[in-house]
Amino acid sequence: DILTWGLSYSNVVIDNLPQGITVTPEQLSSAVVGDVGRKGGDNSKKMECNLLVQSAKDDSKQHSSESSDSPIYKAVQKYNLDVFPLRSDDQPDINYLFFYDKEKKVVTYHPIQSRVQLSTGHLVRGVAPMSIRKRELTSEEKLELDERAAAIDLELSLSLRNGIDEHEG
């Protein structure tokens, strides 16, 4: 799957589903971990975050402006956040995410970089619904993705190498 090979994937584990609010599997599949920060100030090593889920269609209309195409997300639970790396720089990948496309009868895979553990959930108060959009990648980020993909695509690897040679010479 060359088009998405350079992307980073993480395995997110939620110890306790959000309480006091109904969250559908569809909302969880598109949920965003946001508002990540240090718990108890800058000197603390403990992190916390909010789990943001897309608002129901009726909710969305109340909060969105006419010109906004971005979905509206609301914070439904605050969690302690821990990140565990699943790979070392000097070791090959050993954790993978497999995708099966039933229509095309194709399986693709991607390495998983880390496991994100969300634990000890508690209610969120005072966080307004928000619009979330994807931003364009910077040229540095695009180059990094191309370099990762070049590891499995000879044509792209040669193209990148030629571009580097032209800049050096």
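Okay, quick one before we start: when I say two residues touch, or are in contact, I mean they have heavy atoms within 4.5 Å of each other. And keep in mind that this is a predicted model.

So, let's begin with Leu81. Leaving out residues up to four places away in sequence, Leu81 touches Val33, Val36, Met47, Glu48, Cys49, Val116, Gln117 and Leu118. Leu81 also belongs to the largest nonpolar core, which has nine residues.

Now the aromatics. The count comes to four aromatic pairs. In one of them, the ring centres of Tyr96 and Tyr109 are 5.4 Å apart with the planes at 75°, so that pair is edge-to-face. Tyr96 sits in strand β5 and Tyr109 in strand β6, 13 residues apart, so to speak a link between distant parts of the chain. Tyr109 is partly exposed, at 40% relative accessible area. Tyr109 also pairs with Phe98: centres 6.1 Å apart, planes at 35°, so this one is tilted. Phe98 counts as exposed, at 55% relative accessibility. Put together, Tyr96, Phe98 and Tyr109 form one aromatic cluster.

Last thing, backbone angles. Most residues other than glycine have a negative phi. Here, though, Lys105 has a positive phi, near 55°, and Lys105 lies in the loop between β5 (96–101) and β6 (106–122). Thr120 has a positive phi too, near 50°, but Thr120 is in strand β6. Lys105 is exposed, at 67%, whereas Thr120 is partly exposed, at 46%.

Key
Residues are numbered from 1 along each chain as its sequence is written. This is a predicted model: local features need pLDDT of at least 70, side-chain atom pairs count only at pLDDT 80 or more; totals for chains, interfaces and linings use all residues. Side-chain values use heavy atoms; hydrogens and water are left out. Helices (H or I, at least four residues) and strands (E, at least two) are DSSP runs, numbered from the N terminus. Buried means under 20% relative accessible area, exposed over 50%, partly exposed in between (1.4 Å probe, protein chains only). A nonpolar core is a set of buried Ala, Val, Leu, Ile, Met, Phe, Trp, Tyr and Cys residues joined through side-chain atoms within 4.5 Å. Rings of Phe, Tyr and Trp (its six-membered ring) pair if their centres lie within 6.5 Å; planes under 30 degrees apart count as stacked, over 60 as edge-to-face and the rest as tilted.
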